[in-house]
Amino acid sequence: ENSKKLILNNTTSIKSIPELKKAIDNKKLAKAPWCKSLKCEDSIKDKSGAKILNIPFDQPLQIKDNCICCNEKAELICYFGKSY
């Protein structure tokens with residue numbers, strides 16, 4: 001129960017690279033849309049220092065937001081973070 005609370009309190013939904021950087025600087029997990037492009041994944045790592053930590057099996061039926069990197073249609077919602 002405590003672990004669930006900890007994850008909920010330390011996860012933030014983001015929609016851009018600057019928001020991702022801010023979340024990572026605050027040692028939070030970031031829930032963000034991603035297009036599944038390896039090029040975007042590498043670019044996100046380079047720009048923010050964060051990487052994909054988890055891709056949940058339970059994805060929304062429709063993702064309305066665009067990828068945080070290329071602004072193209074997102075195909076997945078992922079959790080980004082930094083390993084310390």
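Q: In this predicted model, what makes E2 and E4 count as paired strands?
A: Two strands pair if DSSP finds at least two bridges between them, and five bridges join strand E2 (residues 29-34) to E4; the two strands therefore count as paired, and they run antiparallel. Within E4, Cys-78 is the bridge partner of Ala-32.

Q: What makes E3 and E4 a pair?
A: The requirement is at least two bridges, and strand E3 (residues 51-54) and E4 are joined over three bridges in the antiparallel sense, so E3 and E4 are paired as well. Here Ile-52 has Phe-80 in E4 as its bridge partner.

Q: What is the order of the strands in the sheet, and why are E1 and E3 called edge strands?
A: Four strands form an open sheet in the order E1-E2-E4-E3, with mixed pairing. Strand E1 (11-13) and E3 are called edge strands because each pairs on one side only. Neighbouring strands of this sheet are turned by 45° against each other on average, direction ignored.

Q: Why is E4 described as largely enclosed by the rest of the structure?
A: Buried means under 20% relative accessible area, and five of the six residues of strand E4 (residues 76-81) are buried, so E4 is largely enclosed by the rest of the structure.

Q: How do you know whether Pro-33 is buried or exposed?
A: The relative accessibility of Pro-33, a residue of strand E2, is 2%, which is to be set against the limit of under 20% for buried; Pro-33 therefore counts as buried. Leaving aside its neighbours within four places in sequence, Pro-33 is in contact with several residues, among them Ile-14, Ile-63, Asp-65, Leu-76 and Ile-77. The C-alpha atoms of Pro-33 and Phe-80, 47 residues apart along the chain, are separated by 10.0 Å.

Q: Which residues make the contact of H2 with H3, and how do they divide?
A: On H2 they are Ile-17, Leu-20, Lys-21 and Ile-24, and on H3 they are Ile-44, Lys-47 and Ser-48; these divide into four nonpolar, one polar and two charged.

Note on methods:
Residues numbered from 1 in each chain as written. Predicted model: local features only at pLDDT ≥ 70, side-chain atom pairs only at ≥ 80, totals over all residues. Heavy atoms only, no water. Contact = heavy atoms within 4.5 Å. Nonpolar A, V, L, I, M, F, W, Y, C, P; charged D, E, K, R; others polar. Buried < 20%, exposed > 50% of the residue type's maximum accessible area, 1.4 Å probe, protein only. Axes fitted to C-alpha atoms, helices over the stretch in contact; angles between N-to-C directions.
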